Amino acid sequence: MFLWCYTATVLVLLSAGWCERLPPHLVSSSPVHLEKSFGRHSRLNQCHYMLRHLQDGDRISVHMPPDIAGHWVSDSCEVRSGPEFLIRSYHFYSNHTFQALQFYYRDNHCLEPSYTLLTQGTIHPRQASWVVRGGTEADFQLSRVLLVSHTPAAAEELQVKLEQSCGLMKRLDPGLSYELWADGSEHSSRDCTRGLDFSMQELQLLRMERRHRHGDPTTDAEELFLGDVHTEHAQRRLHKPSGYQPPLQSVKTYDASCVICQIVSEADLYNPPVLPSQNDRPLRLYGNWVSRRCEVRPGVLFLTRHFVFYEDSNIWEGHYYHFSDPVCRHPTFSISARGHYSQGVPSTVVMGGTELTFTVTHMKVTPMDMATTSILNVFSGDKCGKQGSWKLGVQQDVTPTLGCAALGIRLPHTEYELFRMGRDSAGHSLLFNGQRPTNGSSPDQPHKRATSYQPPLIHCISSQKGSTGIGKEGDHHFRLGNGYKTLDQHLVFIIVLVKLVFWSI
Ligand SMILES: *[C@@H]1O[C@H](CO)[C@@H](O)[C@H](O)[C@H]1NC(C)=O
Ligand SMILES: *[C@@H]1O[C@H](CO)[C@@H](O)[C@H](O)[C@H]1NC(C)=O
């Protein structure tokens with residue numbers, strides 16, 4: 001949903017958090033040092049509890065550079081822009097070679113395999129990323145790409161594509177492998193991977209998280225995040241990742257409840273995984289939804305989200321908590337938005353998706369660090385709340401000034417959205433909304449509507465009736481706790497001028 005495309009020139013203050021990624025060492029997160037002020041009902045509010053405790057239930061540690069050797073698999077049927085439905089199964093070996101399997105499907109539940117790609121090559125993790133804090137950059141080189149189609153229909157479709165793109169003469173037969181590209185082979189001048197919008201740019205950005213469950217190291221779970229894939233197919237080959245795809249699970253440590261992990265780990269080039277059959281779940285927005293993790297947005301932003309949908313009135317609220325660090329401990333600012341949304345219509349483009357239109361009419365902003373406070377005071381003039389009146393930790397309504405020029409937010413604002421429902425392996429309801437265009441634009445026209453999704457939100461229960469913040473001054477914003485003191489003590493005053501693209505929903 002909403003993007004606040006704040007193409008403002010912003011002073012960014014690099015806090016102590018940035019330093020932790022420089023030397024290759026173990027970076028550990030500790031419990032969130034924030035106290036939120038959510039009004040009288042906070043103790044009964046599961047949503048706020050879940051947001052506040054994103055990190056402390058499972059302690060997360062991040063190894064930099066990551067030791068990625070092992071077998072990693074998808075835990076769901078993934079959706080890329082287009083749409084493409086796929087499952088990944090990647091082997092990284094300790095001699096720096098890898099074998100990556102990508103299984104492609106006709107349907108959104110990954111029941112009907114159409115073709116599989118096997119990519120071989122070498123990969124070397126390098127230095128900490130300057131694009132995405134907490135990530136590690138890597139160099140990779142491909143040595144070979146093989147294709148196997150699984151049905152006559154898929155073979156025929158691929159044949160047409162490859163004849164056009166690389167003058168393929170050979171006949172593709174289902175169940176037989178075909179070399180699309182190989183380093184040093186006689187065909188290497190003829191790159192047949194182009195016709196499939198194929199790219200392995202995702203290997204340029206890595207992050208490995210280890211979750212320590214209940215202090216018992218034998219139950220630690222490992223997840224591998226690889227770089228994002230550009231939402232525009234033509235840009236995929238040149239894209240430098242600035243975010244992540246859904247994490248892959250380590251075959252050694254995945255949770256026993258992950259039936260999909262088990263199925264995927266046993267698949268190979270000729271035997272693609274077929275996931276357990278399920279129905280599309282009807283879209284039921286009503287209620288509260290919160291982030292499951294600290295989410296990454298292109299640029300230097302980390303955030304958590306909380307949506308509330310009031311079904312009878314078609315009113316929605318979104319609360320966006322922005323942070324400067326990859327474990328969401330150092331808040332920078334928060335935004336509360338409110339508006340209405342349309343009835344959903346089944347998507348004719350994305351199987352299993354529902355199209356909606358969202359409008360924001362009201363908005364409040366709370367600066368949560370000194371840098372954001374000064375930006376708002378210095379740059380906003382009379383187009384963002386009351387001039388010069390911004391104070392650290394104090395919320396202001398920017399509806400009367402029709403948004404906030406310094407943050408690039410104009411009200412009212414309309415976006416064309418794509419939603420779907422899902423379920424995690426423990427049976428909790430999940431809500432997915434559309435991936436934002438990678439180029440930073442806003443899906444403010446129907447043809448810009450997403451064809452893939454952002455990380456899911458999980459359903460939660462809030463005891464609060466009516467507005468959870470909008471219209472109630474001082475309610476529902478982060479109050480600075482120890483987190484800020486830590487920041488203050490270690491403050492590294494590197495002030496940089498950057499052109500920032502901030503993201504929300
Ligand atoms: C790297 O290790 C893998 C698995 O042990 C092995 O199959 C492969 O041949 C090795 N490659 C090289 C170049 O040594
Ligand atoms: C950004 O992407 C959108 C949709 O993917 C496209 O419609 C738009 O033209 C692009 N804008 C720029 C400036 O490239």
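**Exercise 1. The shell of ligand 2**

Task: In this predicted model, find which side chains place an N or O atom 3.1 Å and 2.4 Å from an oxygen atom of ligand 2. Then describe the shell around the ligand.

Solution: 
- Step 1. Start with Glu232: an N or O atom in its side chain is 3.1 Å from an oxygen atom of ligand 2.
- Step 2. Turn to Asn439. Its side chain has an N or O atom 2.4 Å from a ligand 2 oxygen.
- Step 3. List the surroundings. They are Glu232, Asn439, Ser441, His447 and Lys448.
- Step 4. Sort this shell by class. It has 3 polar residues, 2 charged residues and no nonpolar ones.
- Step 5. On its own, ligand 2 has 360 Å² of accessible area, and the protein covers 49% of it.

**Exercise 2. The surroundings of ligand 1**

Task: Which residues surround ligand 1, and how much of the ligand does the protein bury?

Solution: 
- Step 1. Tyr93, Asn95 and Thr97 surround ligand 1.
- Step 2. Look at Asn95. One of its polar side-chain atoms lies 2.3 Å from a ligand 1 oxygen.
- Step 3. Ligand 1 taken alone exposes 360 Å². The protein buries 29% of that.

**Exercise 3. Placing Ser81**

Task: Is Ser81 buried or exposed, and what does its side chain reach?

Solution: 
- Step 1. Locate Ser81. The loop between β6 (78-80) and β7 (84-92) holds it.
- Step 2. Apply the cut-off. Ser81 has a relative accessible area of 5%; buried means under 20%. Ser81 is therefore buried.
- Step 3. Follow the side chain of Ser81. It reaches the backbone oxygen of Thr231 at 2.8 Å.
- Step 4. Set aside neighbours within four places in sequence. Ser81 is then in contact with His230, Thr231, His233, Arg236, Thr451 and Ser452.

**Exercise 4. The nonpolar cores**

Task: Which residues touch the most other members of the largest nonpolar core, and which elements each supply at least two of its residues?

Solution: 
- Step 1. This core has 40 residues. Ile87 and Leu275 touch the most other members.
- Step 2. At least two residues each come from α2 (46-52), β7, β8 (97-105), β10 (136-149), α4 (259-265), β18 (315-323), β26 (429-433) and β27 (457-460).
- Step 3. Examine Ile87 beyond four places in sequence. Its contacts include Leu101, Phe103, Val264, Pro273 and Leu275.
- Step 4. Separate off the second core. It has 34 residues, among them Leu86, Ile123, Leu203 and Met208.

**Exercise 5. Backbone exceptions**

Task: Where are the cis bonds that join Gly82 to Pro83 and Leu411 to Pro412, and where do His96 and Leu402 lie?

Solution: 
- Step 1. Most peptide bonds are trans, and most residues other than glycine have a negative phi.
- Step 2. Gly82 and Pro83 are joined by a cis bond with omega about 0°. Pro83 is in the loop between β6 and β7.
- Step 3. Leu411 and Pro412 are also joined in cis, with omega about -10°. Pro412 is in the loop between β24 (409-410) and β25 (413-423).
- Step 4. His96 has a positive phi, near 75°. It lies in the loop between β7 and β8. His96 is partly exposed, because its relative accessibility is 33%.
- Step 5. Leu402 has a positive phi near 55°. It is in the loop between β22 (396-397) and β23 (403-404). At 54% relative accessibility, Leu402 counts as exposed.

Key. Residues numbered from 1 in each chain as written. Chains lettered and ligands numbered in written order. Predicted model: local features only at pLDDT ≥ 70, side-chain atom pairs only at ≥ 80, totals over all residues. Heavy atoms only, no water. Helix = DSSP H or I, 4+ residues; strand = E, 2+ residues; numbered from the N terminus. Buried < 20%, exposed > 50% of the residue type's maximum accessible area, 1.4 Å probe, protein only. Polar contact = N/O pair within 3.5 Å; in protein donor to acceptor, adjacent residues only side chain to side chain. Contact = heavy atoms within 4.5 Å. Near = heavy atom within 4 Å. Areas by Shrake-Rupley, 256 points an atom, 1.4 Å probe, with all protein chains shown as cover. Nonpolar A, V, L, I, M, F, W, Y, C, P; charged D, E, K, R; others polar. Core = buried A, V, L, I, M, F, W, Y, C linked by side-chain atoms within 4.5 Å.
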